[in-house]
Amino acid sequence: DSMLYVVLALLENGKSPNLDFKFENALINHAVELRDGSANISHPELWPRLLDALSDSERNQFRHKLISQVLGDGQKSIAHILPCYGTELELAITDSEVERDQRRLYQAFVNLSERSDKGERQWLVSLFAKHPSLIGEAGKNTKDSLRDRLQAFLKQECTSSHSTDEEDEGS
């Protein structure tokens, strides 16, 4: 932990250490361990800032690996990585400079939309709301599947939110 605080202190003073692939690999390993539940983190709000310590080329490589190795095909839950890496994952998905397999990414979206994890579904809904063109090139079956699953989720969220509001008004 102390080394991470040194990196943060450097960044706070306007000095980017431009860390290389070893730091990038350590961050990817950390993200995989978070996803798999074998690691935890006490200050997730600090992690996005730590990514600024990567050089530009390593940052793009990190984003590529975040999609290919951590998100993968969406078979594993990403709920635990979202507090630390959710913003970076969104950037990785939407940045045209990041190399990715679009077909595998669409499969990940479909698989994540099938999960019952509320945080993952909220993240997906937010991602598509901010970047509607993301699914523009997807095939009809993929679009239909995502629409149906996420509409059902939103309907359920609205219904449960509405009943909570009515209970609050009755109190």
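A salt bridge here is a side-chain nitrogen of Lys or Arg within 4 Å of a carboxyl oxygen of Asp or Glu. Under that rule there are 16 salt bridges. This is a predicted model, where local features need pLDDT of at least 70, side-chain atom pairs count only at pLDDT 80 or more, and totals for chains, interfaces and linings use all residues. Residues are numbered from 1 along each chain as its sequence is written, and side-chain values use heavy atoms, with hydrogens and water left out.

I'll start with Arg-147 and Asp-144, whose side chains form a salt bridge at 3.1 Å, N to O. They sit 3 residues apart in helix 8, so about one helical turn separates them. Helices are DSSP runs of H or I, at least four residues, numbered from the N terminus. Arg-147 is partly exposed at 41% relative accessible area; that term covers values between buried, under 20%, and exposed, over 50%, with a 1.4 Å probe and protein chains only. Salt bridges with shared partners also join Glu-12, Arg-49, Asp-52, Arg-59, Arg-63, Glu-88 and Asp-95 into one network.

Next, Glu-114 and Arg-149, with a salt bridge at 2.8 Å, N to O. This pair connects distant parts of the chain: Glu-114 belongs to helix 6 (residues 102–114) and Arg-149 to helix 8 (residues 140–170), 35 residues apart. Both ends are partly exposed, Glu-114 with a relative accessible area of 44% and Arg-149 with 25%.

Last, which residue forms a salt bridge with Glu-120? The partner is Arg-115, with the closest N and O atoms 3.2 Å apart. Glu-120 is buried, at 1% relative accessible area, while Arg-115 is partly exposed, at 22%.

Key: Helices (H or I, at least four residues) and strands (E, at least two) are DSSP runs, numbered from the N terminus.
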